[in-house]
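Here's a walk through part of a protein model, from its strands out to its chain contact. Have the structure open alongside as you read.

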Amino acid sequence: MKRSVFPNRWLPYLLVGPQVIITLVFFFWPAFESLRLSLYRASPFGDRLIYVGLTNFERLFRDDAYLRSVITSFVFSFVVTFAGLALALLLASMANARIRGLAVYRSLLLWPYGIAPAIAGIIWLFVFHPSYGILPWLLSFVTAYQFNWFLKGWVAMALIIVAAIWKQFGYNLAFYLAGLQAIESSVLEAASVDGAGPIRRFFAITFPLLSPVTFFLFTLNMTFSFFDTFGLVHAVTQGGPGDATSILVYRAWRDGFEGLQLGYSAAQSVVLMALVIMLTAFQFRFAEKKVTY
Amino acid sequence: MKALLARTVALLAVAVLVSPSAALARTDIQWWHAMTAVLGERINEIAAKFNASQNDYEVKAVYKGSYPDTLNAAIAAYRAKQPPHIVQVYEVGTQTMLSSGAVYPVFQLVKDHGVTIDWNDVIPPVKSYYASGGNLSSMAFNSSTPVLFYNKDLFKKAGLPDRAPTTWDEVEAAARKLVASGARCGFSAAWPSWTLMENMHALHDQPFADHANGFDGLATTLKINGPFGVKMMELLQRGAKEGWFTYNGRLNKAEANMGNGECGVFLSSSAYIGNLTRASEGKFTWATGPLPRMGGFPQGSSIIGGATLWVLKGAKPEEYRGVAQFFRYLASTENQAWWAGVTGYLPISNSAVKAMEASGHFQKNPQQRTAITQMQLGKVTPNSQGIRLGNFPSVRDAIEEQMENIFSGKKTAKQGLDDAVAKSSDILKEFAALYK
């Protein structure tokens, strides 16, 4: 690797300074504050701050609902990530073909990414809503089954999964398209000459060559579905019915900002933070070995 | 460059000269609220009228998002030592505010500034819900109570008489007929915990929580898993199973189904009258009636919801003087009658009710009369004076979560309510531990 030499000793520090400051102020400081607050029982207006040690965490792990929420979150995140990536890869492969009006298709496919999660939720609400949604209306011609996700947990879950996948779809697609275009056509042509069919070519060449992209997208989608899907849940299901769609980040928000149980909510954030750090570390430790750069 | 600079300076000078704050040294009063759409416009109207009525103070009404958002914004501002003077807090935040130590009680503020507001004129259900020791710590503002709505067109189609069902037996019978005649939703309700649990307990004089619903001390346990609560939930569970009760979500989500003419019988806030009037225009007709009662339980009263205005500590004396003046303005009979008339909220003073009667307002808007009559006929008992819980929003979530489990048949009524009680005990004890 080439080593850059700066004429001035302080210039490099000055250049990385802003980034370091932003990271410290907006990431490390709040994270540290949550860590500290999770050990307290704190009143909303800040007049009472009672040190309670690990009581907030005890309360969390005593609660079956919280453990259910952990499972719900993992199911949600894995389905959103795997199904989302598979779909994006499939469509990217198709969009990579040489067809007329390709630029238009590609641009259109990127659109959903420009939409905020809450808005995506509202859009899907218009599709799924038991009363004014178009899907239940169409289904009512075919089946008498009532798709009322106000009471049916799995329908509510399916709804937010579909909405989250759709929302993240454009982003995944953009990266896969770029990845596909970076693959040398000569490699694929050589494989064709050797007699490999399209499916063989995909699994033997394209997919391994895309592995850095897949790895990056996997990590990113996991964190997206763990953290950024709050707006979606808030707009559509409010965690219900029962607690069927009460993912961790939504619970933490609700107990903190609506319930004003600040210490308890901070403890949930800490657990969430630990889970995602573990997950990411795990991915880097094991999954990255399979990545060929 | 020089010319540009000169022009900029000139413009700035003009801006300073014409800006009203520079021309008149008026004291700013920040009023943070959570009212949207038509209600938000009415709030701005109140502020504008007050500002035009005198020269010393300028009330600035600022919309801060939903009720929880507004409360959070006020908390953040208070902790940053820049609180608004007045903040609108929903009824479930009452105990949080009372315990906060951040509040300048309104009765005290008014007294300290030589302003007289006749607190005895405040209607009993509002006064009982918000007062402690007979004193109002916050300024009663927008209060509503749930009532029953019914779709007259669907009733006609189902061959039902044109009158509101008054008991749960009648609701069930009507809802069954409605569904049989093709209605997509026989009966439904918005604000599930508030209309179906909190109000039903108060209306039938049943305790909701210990310590007299939290009025005699911090509540630590809910009492909703008694015979009444179980009976209520069993009825609705059966209704959901048999198809005459349709659950349509938390908060006011179900209003969408009433508003598009799907539901025959519906419970929601009396403040929904305005929106329903607009939603139903040219599509269907409707009317209101009192909340349905269940036989075999004593008479209580329905309770209120909505919000009050709290004054936060940390402002300057002359600003508080302005707040007191503003509250006197708000409390005037004329303004109360106007506010209730244009919004559908309850007029919060007896004199405002009388004024509205005298002006023939209820003859023109008979649907607005229902809520007031219902409140006047109610009996205020320890069970129906209101509900005051710490962390009330979380308690409501816990209840609604279990209501959904009951309606979907996942749990029996008794099991679901027991679980709701256990969960909310945890939440209530947490609050009590904070303020012990």
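Predicted model: local features only at pLDDT ≥ 70, side-chain atom pairs only at ≥ 80, totals over all residues.

Residues are numbered from 1 along each chain as its sequence is written, with chains lettered from A and ligands numbered from 1 in the order in which they are written.

Let's start with the open sheet in chain B: five strands in the order β2-β1-β3-β11-β6, with mixed pairing. Strands here are DSSP E runs of at least two residues and helices are H or I runs of at least four, numbered from the N terminus; two strands pair if DSSP finds at least two bridges between them. β2 (57-63) and β6 (139-144) of chain B each have a single partner strand, so one side of each lacks a neighbour in the sheet. From one strand to the next, the twist averages 20°. Helix α15 (residues 317-331) of chain B lies across β1 (27-33), β2, β3, β6 and β11 of chain B, at about 60° to β1(B).

Next up is β7 (residues 146-151) of chain B, where six of six residues are buried (20 or more other C-beta atoms within 10 Å of a residue's own, with C-beta atoms placed from the backbone). Pro146(B), Leu148(B) and Tyr150(B) point one way, while Val147(B), Phe149(B) and Asn151(B) point the other.

| Strands | Bridges | Facing residues |
|---|---|---|
| β3(B) and β11(B) | five bridges | Tyr90(B) and Ala307(B) |
| β7(B) and β9(B) | five bridges | Phe149(B) and Phe266(B) |
| β7(B) and β10(B) | four bridges | Tyr150(B) and Ala287(B) |

Now for the helices. The axes (lines fitted to C-alpha atoms over the stretch in contact, with angles from 0 to 180 degrees between N-to-C directions) of α20 (residues 392-407) and α21 (residues 413-434) of chain B come within 9 Å and cross at roughly 165°. α20(B) and α21(B) are therefore roughly antiparallel (over 145 degrees).

And the chain contact? Chain B puts in 31 residues and chain A 26, contact meaning C-beta atoms, placed from the backbone, within 7 Å. On chain B's side, α20(B) gives the largest share, seven residues.

How values were computed: Parallel < 35°, antiparallel > 145°, perpendicular 65-115°, else oblique. Contact = placed C-beta atoms within 7 Å. Buried ≥ 20, exposed ≤ 12 C-beta atoms within 10 Å, placed from the backbone.
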